[in-house]
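Colleague: Could you take me through one part of this predicted model in detail? I would like a close look at the disulfide, and then at the backbone in the loops that follow.

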Amino acid sequence: QVQLVESGGGLVQAGGSLRLSCAASGRTLSRYNMGWFRQAPGKEREFVAAISRSGDIRYSVDSVKGRFTISRDNAKNTVYLQMNSLKPEHTAVYYCAASTSYLGGSSSADNRAYDYWGQGTQVTVSS
């Protein structure tokens, strides 16, 4: 199985940027479709973005399009989430996840499609 470790979270002012990283170990990352989810206090975990094994197909929730970008470097066994123009409502714990299943536009947003999860990294955006 694969182990996932997120990093790059922190405290940032509104309008700032952060780049989250998700490093994989145990298995090569290229085996997996990858996703980012987030969970704000008192809310359910929600889908943010997903990327296919080769990186040629990407999905993201409408609210982050043009603001957040998912990418991957299989040679480095790492997936990234570049977050720009951050707002206080982006405050959440961000999780990366790995899926062995085919991910389509709808299934990529379903957390049940993912087999492995990281422990999360806190992102706090101050106003």
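Modeller: Happy to! The torsion about the S-S bond of C22 and C96 is about 50 degrees, so this disulfide is right-handed. The two cysteines are joined with an S to S distance of 2.0 Å, and a search of the whole structure finds 1 disulfide. The pair links distant parts of the chain: C22 belongs to strand β3 (residues 18-25) and C96 to strand β9, 74 residues apart. Both ends are hidden from solvent by the numbers: C22 has 0% relative accessibility and counts as buried, and C96, also at 0%, counts as buried too.

Now to the backbone. N77 sits in the loop between β7 (68-73) and β8 (78-83). With a relative accessibility of 19%, N77 counts as buried, because the cut-off for that class is under 20%.

The other is S85, again not a glycine, with a positive phi near 50 degrees. S85 is found in the loop between β8 and β9 (92-99). Its relative accessible area is 39%, so S85 is partly exposed.

Technical notes: Residues are numbered from 1 along each chain as its sequence is written. This is a predicted model: local features need pLDDT of at least 70, side-chain atom pairs count only at pLDDT 80 or more; totals for chains, interfaces and linings use all residues. Side-chain values use heavy atoms; hydrogens and water are left out. Helices (H or I, at least four residues) and strands (E, at least two) are DSSP runs, numbered from the N terminus. Buried means under 20% relative accessible area, exposed over 50%, partly exposed in between (1.4 Å probe, protein chains only). A disulfide is a pair of cysteine sulfur atoms within 2.5 Å.
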